[in-house]
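Student: Could you show me how to read the inside of a protein model? I'd like to start with the nonpolar parts and then look at a charged residue.

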Amino acid sequence: MKITEIEKAEGKLGVLIVGVGGAVASTFIAGTLAARKGLAKPIGSITQLAHIKLKKSEGVTNPKIKEVVPLADLNDIVFGGWDIFPENAYESALHAEVLQQKDLEGIRSEMEAIKPMKGAFDSNYAKRLNGTYTKTGTRWEMVEALRKDIRTFKADNNCSRLVIIWCGSTEIYTQPGVAHSSFSNLEKALKSDNHDIAPSICYAYAAIAEGVPFINGAPNLTIDFPALMEFATLEGVPLCGKDFKTGQTMMKTVLAPMIKTRMLGLDGWFSTNILGNRDGEVLDDPDNFKTKEESKLSVIDNILDPELHPELYDDIFHKVRINYYPPRKDNKESWDNIDIVGWMGYPMQLKVNFLCRDSILAAPLCLDLVLFTDLAQRCGFSGIQNWLSFYFKSPMTEIGAEPEHDLFVQFIQLKNTLRTIIGEETFDYVDAM
């Protein structure tokens, strides 16, 4: 990778959120607006708080990332998006009950001004949702309407650049078929109103057609098939996904490397969760849970590499469960029982009980991904952005390549890409400053 010129982050950056009325989106918006007014700290955001080591003639320096990497300023961000419910961002945040009302009052007017555009929706892809604030028409008509929305938002808000991020619900499990096999087949399917094309693909197609980077925060198929990857490369558009790495999977990508590094064996890993927000309700449907299950199951095998270490990992029992439990709302609780094996085959157990807040963990990831994906486009990057794997449960790769799941290896990739972008030497160890 050699960066000869980086387009300056001048002008406004429009952030269009699919599912702008959801818990993750409203928490992301509220936190960003509060941070730029000095009302809250952007805790959890690498772009805002992390440092990066650089080798200089006078020794190693350690500035903040945002001081040396040309990221967009928070004051230049303008929010918008789509939803299947008509409430503005303030009303949505109150409904989500992630943040307390006192934390929203200082940004209330800005939140109330963010009103969703009608969403592209097909209830067959999320049976537990009954949104009525939706676009009508064929798949192709949805694409055309979304493209018009994108252009109108950009013009009305005088934005120089846009990024689109999917914070919507998980769609039902689908595998690529004929309609996804090539760009020409995809366009034929869209124009013939083939319902093998999920609504999320309509958003992704519209984004790429308008030259806008697309981030997939759910485990949906959406952009993870050759036709859209080719389209993005052709149009010079960065893509990244999929499925924000927040609670339980974040812990797995920390603990599994530890087990492997110490050459401990693993017999089984049982993971279960309770979650009561809209995402939990959608995942209560088996077809939607299947999409999430596939995303979460891929982590351990990839990190432990059973083919290389059959004596340690050739027969792992890995089970994942998510249970909808409304009283907890956005406050997710997960339990992991990990059966490990030590010297001479003696069994041991590791228990993890993580009481977290789903949207509080996801919001800073959204901010970082928006800023880094905008940076990628200004650097002239296109297609899948492997260097952003750090943020995803199921990182996308080029066709045929293996994803990297180890959180610390991903962190090295992330920081070394930033060093390369600004013309600095890379490091071969974790710089966790």
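This is a predicted model: local features need pLDDT of at least 70, side-chain atom pairs count only at pLDDT 80 or more; totals for chains, interfaces and linings use all residues.

Student: Which residues touch the most other members of the largest nonpolar core?

Tutor: In soluble globular proteins, nonpolar side chains tend to be buried together. A nonpolar core is a set of buried Ala, Val, Leu, Ile, Met, Phe, Trp, Tyr and Cys joined through side-chain atoms within 4.5 Å; buried means under 20% relative accessible area (1.4 Å probe, protein chains only). Here the largest one has 58 residues, and Ile17, Met111, Phe244 and Tyr391 touch the most other members. Several elements each supply at least two residues, including strand 1 (12-18) and helix 15 (358-378). Helix 15 gives the largest share, 11 residues. Helices (H or I, at least four residues) and strands (E, at least two) are DSSP runs, numbered from the N terminus. Apart from this core lies another, of 48 residues, among them Leu16 and Ile201.

Student: And where does Asp330 lie?

Tutor: Look in the loop between strand 10 (317-324) and strand 11 (331-341). Asp330 is buried without a salt bridge, meaning a side-chain nitrogen of Lys or Arg within 4 Å of a carboxyl oxygen of Asp or Glu. The nearest side chain of opposite charge (Lys and Arg count as positive, Asp and Glu as negative; His and chain ends are not counted) is Arg357, 6.8 Å away.

Student: What joins the side chains of Asp330 and Asn277?

Tutor: A polar contact of 2.7 Å, that is, a pair of N or O atoms within 3.5 Å; within protein, one must be able to donate a hydrogen and the other to accept it, and residues adjacent in sequence count only if both atoms are side-chain atoms. A polar atom of the Asp330 side chain also lies 2.8 Å from the backbone nitrogen of Ser359.

How values were computed: Residues are numbered from 1 along each chain as its sequence is written. Side-chain values use heavy atoms; hydrogens and water are left out. Buried means under 20% relative accessible area, exposed over 50%, partly exposed in between (1.4 Å probe, protein chains only).
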